[in-house]
Amino acid sequence: MLEVAQPAGDMSRPALPDIVLYEDILGNGRVRSDLGGGRFDVTSRKGLLNLAAPNFATSAVMEESHQVRSLTFPLAHWQGVLDEATDGRFSFDTCFNYGRVFDSSPIRSALRNLWGLCKDEGAPSRLWMRAAGCEILAELSRLGGAPFAPARGGLAPWAERRCLEMMRARLSQDISLDELAAEARLSPFHFARMFKQSIGVPPRVYLTQLRMEKTCQLLETTDLSVTEIAQEVGYSSNQVLARVFIKHQRMSPTEYRRAVRDQVRFAASR
């Protein structure tokens, strides 16, 4: 995922074997382009999206300086997931509306969450990236009329139990959506939607909740350093843990530990 600021001018590029999703960050700029769905000439607005087709040499001329976020979907990584989700009825050539300027609150929300995660953690986990990809592709497919069945019901009780146990047992590891889906005997695409039906939040959000709960427990009950706790709960450094922890608890890990122990000392003195 990239965010770039560019001056006005020609932004054409050669063909790439990937789908690229673009979000306009500033808006109010005239765009003349062909991203694989025919030429268009529009004045873009902040937050609008468009999708560049794979294996197509795009043309794009921006009349004002602009800023865009882009997210690349390698076909080699996603073809099997989408084929399985549609019983082989999916086609990258016909199931997406390429080159059309459009708006989508779910996609903008997913991109915003991913961008925030990149700022907090550097490289997002495999679970975050794959789950976000499924969310975005599901919405793109819905907008394009692709043959995806709606999500019906959640995980079977045995599958939910085994997946939650795996997430807790491997909290310190970069567990992937594919591994969780395999445990539930589902495709990653269907698993991501059914997990949210069962638990109420996507697997990536639930994993962060588990990590925050474990962090609080270790801060309360051990003398492990924040760096050691970060390793225990799957973050690359104490700085990354602190950024995520502050976002959820409104205080740093050190402040949380001090507050809890002050409460214990106060209760013991009464």
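Biologist: Over which ring does the charged end of Arg211 sit?
Modeller: This is a predicted model, with local features needing pLDDT of at least 70, side-chain atom pairs 80 or more, and totals for chains, interfaces and linings using all residues. Numbering runs from 1 along each chain as written, and side-chain values use heavy atoms, without hydrogens or water. A charge counts as over a ring if NZ of Lys or CZ of Arg is within 6 Å of the ring centre and within 35 degrees of the ring normal. Arg211 passes, its charged end 5.2 Å from the centre of the ring of Tyr235.

Biologist: And how far from the ring centre of Trp78 is the charged end of Arg130?
Modeller: Here again an arginine has its charged end over a ring, this time that of Trp78. For Arg130, the distance to the ring centre is 4.6 Å.

Biologist: On to ring against ring: what class of aromatic pair do Phe191 and Phe195 form?
Modeller: Rings of Phe, Tyr and Trp (its six-membered ring) pair with centres within 6.5 Å; planes under 30 degrees apart are stacked, over 60 edge-to-face, the rest tilted. That rule finds four aromatic pairs in the model. For Phe191 and Phe195 the centres are 5.6 Å apart and the planes make 55°, so the pair is tilted.

Biologist: Which helix holds Phe191 and Phe195?
Modeller: Helices (H or I, at least four residues) and strands (E, at least two) are DSSP runs, numbered from the N terminus. Phe191 and Phe195 are four residues apart, so about one helical turn separates them. Their helix, residues 188-199, is H6.

Biologist: What about Phe245 and Tyr256: how many residues apart in sequence are the parts they tie together?
Modeller: Their ring centres lie 5.5 Å apart with planes at 80°, so this pair is edge-to-face. Phe245 is buried, and Tyr256 is too. Phe245 belongs to helix H9 (residues 238-249) and Tyr256 to helix H10 (residues 253-269), so the separation of the tied parts is 11 residues.

Conventions. Buried means under 20% relative accessible area, exposed over 50%, partly exposed in between (1.4 Å probe, protein chains only).
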